Amino acid sequence: MSKPWWSGLDLRVLRQVRGVLRRRGLELTLVEERPSECAAFAPLSSDAPAGPGLAVLGAELSAPERGLVEIMLGEAAIDVAAVLRDRDAHPAGALAWGTEPPGRRTSYRGIIGGAPLMQDLYALLDRVAPSDSTVLIQGENGTGKELVARAIHEGSERRDRKFVVTNCSAFNDNLLDSELFGHKRGAFTGAVTDKPGLFEAAHLGTFFLDEIGDMSPALQVKVLRVLQEGTFHRVGDTEMRQVDVRILAATNKDLRAMVAAGQFREDLFYRIHVINVVVPPLRDRRDDIPLLIEHFLARHRRVRPKRLSPECAARMLAYPWPGNVRELENEIERLVVLAGDEPTIGTDLLSPRIRQWTPSDGGDADAHPDSLPAAVEALERRMIAAAMRRHRGNKTRAAEELKVSRRNLIRLVQKYQLE
Ligand SMILES: Nc1ncnc2c1ncn2[C@@H]1O[C@H](COP(=O)(O)OP(=O)(O)OP(=O)(O)O)[C@@H](O)[C@H]1O
Ligand SMILES: [Mg+2]
């Protein structure tokens with residue numbers, strides 16, 4: 001018997017639909033055009049409502065069943081359309097019907113993560129990296145902004161040239177000026193020779209301005225000029241110099257709010273805001289925690305990677321990681337050192353804040369409601385909001401993860417106004 005077209009396709013929605021149908025002895029088929037007789041149908045593209053799609057052939061469904069199946073098929077059709085697009089984009093058939101959800105990547109040039117939000121990030125980086133355009137990378141501390149900047153450089157034509165990093169908050173204004181643009185001999189006390197700056201060193205390469213929100217307005221003007229004209233002066237020098245650098249900038253501040261408050265130049269903001277890459281916090285991609293733990297355990301191994309005891313792993317999975325990937329990485333490094341020759345890492349070695357963390361430490365306003373119903377509502381709201389974020393608003397997936405019906409989830413999303 002030849003395998004059905006979806007064999008190996010790991011699309012959870014599709015499996016669910018098939019489960020529902022199997023119990024009724026119905027078959028799901030990929031068709032080129034909408035059959036005249038079918039029990040349910042969802043087109044792959046809204047542009048061609050009678051074109052290719054997913055059809056349930058055979059006996060009839062009751063009206064409520066048909067409604068349910070069509071909703072589920074609608075979700076599955078979106079996934080199938082994406083798979084077909086990917087397959088067409090790789091005519092060598094490399095993608096075929098793999099066992100992994102097709103196109104899903106669990107790492108990207110050193111960035112580890114397979115969560116839906118990371119898939120969006122990788123897809124954006126694919127497009128942005130080769131473009132030579134300025135990119136603003138935003139995200140909380142420790143989310144991997146510098147890794148993203150390096151990935152952009154590595155994916156660009158400049159990859160064989162320099163990648164220069166400067167942390168704008170690490171210097172005072174005068175020092176940063178001379179660091180970035182260089183100085184002329186005698187420009188200030190201690191300037192004993194002419195010195196080129198980092199922009200010159202980065203010529204033809206990529207310049208990563210980290211913590212750009214901490215740069216003074218005077219330097220913001222100089223950077224804007226490099227961006228617009230590629231020109232600058234060394235400190236104390238009149239000669240105009242020219243460089244060709246691609247600028248990437250990062251910040252964990254809300255630059256737009258800083259512009260509104262007059263703390264950041266609006267013209268520079270719009271010049272660097274051309275492409276905005278947001279790196280998600282770890283709490284929005286908790287499914288990646290095991291992957292990251294494994295990655296860091298392997299990296300910090302001495303002889304062979306150590307294991308976490310089940311209790312220790314459970315505590316790490318429950319903890320919210322406000323310091324994001326950096327906090328997780330540091331914790332693993334610490335555990336590996338403390339464990340010494342022990343192959344298994346137990347809970348006792350965990351940092352106290354992680355070992356002792358309980359969900360009520362969450363700290364938000366509704367964390368200490370004074371009645372049971374209020375507490376249940378607060379928990380319900382938090383879990384649903386988190387699942388909706390993780391699944392980018394896909395209610396079928398969120399409902400599946402929370403093990404509630406889609407209809408129930410829709411009701412709760414409305415109740416808590418989480419749309
Ligand atoms: N997705 C990831 N996969 C693997 N390692 C990661 C990831 N994200 C961050 N890291 C690691 O965590 C540490 C912090 O990352 P990085 O310096 O890029 O964060 P950042 O966003 O620049 O933080 P900050 O705002 O505090 O400077 C680094 O050691 C980095 O290698
Ligand atoms: Mg950083």
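Helix H14 passes helix H15 in a right-handed crossing. In this predicted model, H14 covers residues 372–390 and H15 covers residues 395–402, and their axes come within 9 Å of each other, crossing at roughly 130°. An angle over 145 degrees would count as roughly antiparallel, and H14 and H15 are therefore oblique to each other.

For a contrast, have a look at helix H5 (residues 173–181) and helix H7 (residues 217–229). Their axes come within 10 Å and cross at roughly 15°. Since angles under 35 degrees count as roughly parallel, that makes H5 roughly parallel to H7. The handedness of this crossing, with H5 passing H7, is right-handed.

Now on to the sheets. Strands of a sheet pair through backbone hydrogen bonds, and they can do it in either a parallel or an antiparallel way. You get to see both arrangements here. Start with the open sheet of five strands, which is ordered S7-S10-S13-S6-S14 and has parallel pairing. Strand S7 (163–167) and strand S14 (275–278) sit at the edges with a single partner strand each, so one side of each has no neighbour in the sheet. Go from strand to neighbouring strand and you'll find them turned by 20° against each other on average, if you ignore direction.

Strand S6 (residues 135–138) runs parallel to S14, and four bridges join the two.

The antiparallel case is an open sheet of three strands, in the order S1-S3-S2. Here the edges belong to strand S1 (27–31) and strand S2 (40–43); each has a single partner strand, so one side of each is left without a neighbour in the sheet. The twist from one strand to the next averages 20°. Five bridges tie S1 to strand S3 (residues 53–57), and these two run antiparallel.

Which residues come nearest to ligand 1? Out of the 15 residues around ligand 1, they are Ile112, Gly144, Lys145, Glu146 and Val325. Two or more shell residues come from each of strand S5 (111–112), helix H4 (145–154) and helix H12 (324–339). Zoom out to the domain level, and the shell takes at least three residues from domain 2 (111–278) and at least three from domain 3 (285–357).

And what is the make-up of that shell by class? Around ligand 1 there are seven polar residues, four nonpolar ones and four charged ones.

Note on methods. Residues are numbered from 1 along each chain as its sequence is written. Chains are lettered from A and ligands numbered from 1 in the order in which they are written. This is a predicted model: local features need pLDDT of at least 70, side-chain atom pairs count only at pLDDT 80 or more; totals for chains, interfaces and linings use all residues. A residue is near a molecule or strand if its C-beta atom, placed from the backbone, lies within 6 Å of it. Ala, Val, Leu, Ile, Met, Phe, Trp, Tyr, Cys and Pro count as nonpolar, Asp, Glu, Lys and Arg as charged, and the others, Gly among them, as polar. Domain bounds come from an automatic or database domain assignment. Two strands pair if DSSP finds at least two bridges between them. Axes are lines fitted to C-alpha atoms, for helices over the stretch in contact, and angles run from 0 to 180 degrees between N-to-C directions. Angles under 35 degrees count as roughly parallel, over 145 as roughly antiparallel, 65 to 115 as roughly perpendicular and the rest as oblique. A crossing is left-handed if the near helix is turned anticlockwise from the far one by less than a right angle, and right-handed if clockwise.
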